[in-house]
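The sequence and the structure are shown first, and the description follows.

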Amino acid sequence: MATIVLFHHVQGLTPGVQAMAAELRAAGHSVHTLDLFAGKLPKDIDAGIRMANKLGEDKIQERVDKFFSKLPEELVYIGSSWGAALAQQCAQQRPGALAAVLLESFVDVEADWSFGPWPENVPVQIHGMDEDPFFAKEGDLEAVQRFVEGEGHELAQLFTYPGNKHLFTDSSLRSHDLEARAVVMERMIKFLEPFA
């Protein structure tokens, strides 16, 4: 089985994020979730962004480092939206990364604010809606397309879904898309089979 770290989005460790963790456990994996907001569930994305900004990068990093001190080095990183950026940073910068799944977000590896080059031999799967105002309209989708087509990124996969919802993979939010989420989970679980 893979040991997975699942990072929540800016609305916190919602029942939907916990449901995703449960599905991955049912597929045979060990899944660890870190509640960066200490039980708080912001009512919407804007409130979540304010909470993350108030918490600050240093405090977030401190909580992440403490969390990882209890885990093995070889990990699979999965994250949704804001949490996908954390998962991506870990996959690119922490030794022992086995794979990553990035939901509804991608940090351009060529940008000045990137986490550096993508590590060799670390497969990654990226999912998002093709009209998502954040993922598709703010440059993430274009950056992913360049990334998966780039030299040396044969282990990268991009899947897009028709729609304009953000956080569609969270089954506990109004933005949830039942059909698209089911396909995401099916593809994610298949992607993780080599690590089971």
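Rings of Phe, Tyr and Trp, the last taken by its six-membered ring, pair if their centres lie within 6.5 Å, and such a pair counts as stacked when the planes are under 30 degrees apart, as edge-to-face when they are over 60, and as tilted in the rest of the cases. By this criterion the structure, which is a predicted model, holds seven aromatic pairs.

**Aromatic contacts**

A pair of aromatic rings is described by the distance of the centres and the angle of the planes. Two of the pairs are set out below with these two values.

| Pair | Centre to centre | Angle between planes | Class |
|---|---|---|---|
| F106 and F147 | 5.2 Å | 40° | tilted |
| Y161 and F168 | 5.7 Å | 50° | tilted |

F106 lies in the loop between β4 and β5, whereas F147 belongs to helix α5 (residues 140–149), so the pair ties together parts that are 41 residues apart in sequence. F106 and F147 are both buried. In the other tabulated pair, Y161 counts as buried at 5% relative accessibility, and F168 counts as buried at 0%.

Beyond these pairs, F7, F67, F68 and Y77 form one aromatic cluster.

**The strands around β3**

Another member of the cluster, Y77, is one of the buried residues of β3. Six of the six residues of this strand (residues 75–80) are buried, so β3 is largely enclosed by the rest of the structure. In a regular strand the side chains alternate between the two faces of the sheet. In β3 both faces are covered, with L75, Y77 and G79 buried on one side and V76, I78 and S80 buried on the other.

Which strands pair with β3, and in what sense? Strand β1 (residues 3–7) pairs with β3 in the parallel sense over four bridges, and V5 stands opposite Y77 of β3. Strand β4 (residues 97–103) also runs parallel to β3 and is joined to it by six bridges; within β4, A100 is the bridge partner of Y77, and V101 is that of I78. Between β3 and β4 the chain crosses through helix α4 (residues 82–93), and this β-α-β crossover is right-handed.

Strand β4 is itself mostly covered, since six of its seven residues are buried. Four bridges connect β4 to strand β5 (residues 124–129), again in a parallel arrangement, and in β5 the bridge partner of A100 is V124.

**Two residues with positive phi**

Two residues other than glycine have a positive phi, A38 at about 50° and S81 near 55°. A38 lies in the loop between β2 (30–34) and α2 (45–55), while S81 is placed in the loop between β3 and α4, on the path of the crossover from β3 through α4 to β4.

How values were computed: Residues numbered from 1 in each chain as written. Predicted model: local features only at pLDDT ≥ 70, side-chain atom pairs only at ≥ 80, totals over all residues. Heavy atoms only, no water. Buried < 20%, exposed > 50% of the residue type's maximum accessible area, 1.4 Å probe, protein only. Pairing = 2+ DSSP bridges. Right-handed = clockwise from strand over helix to strand, strands pointing away.
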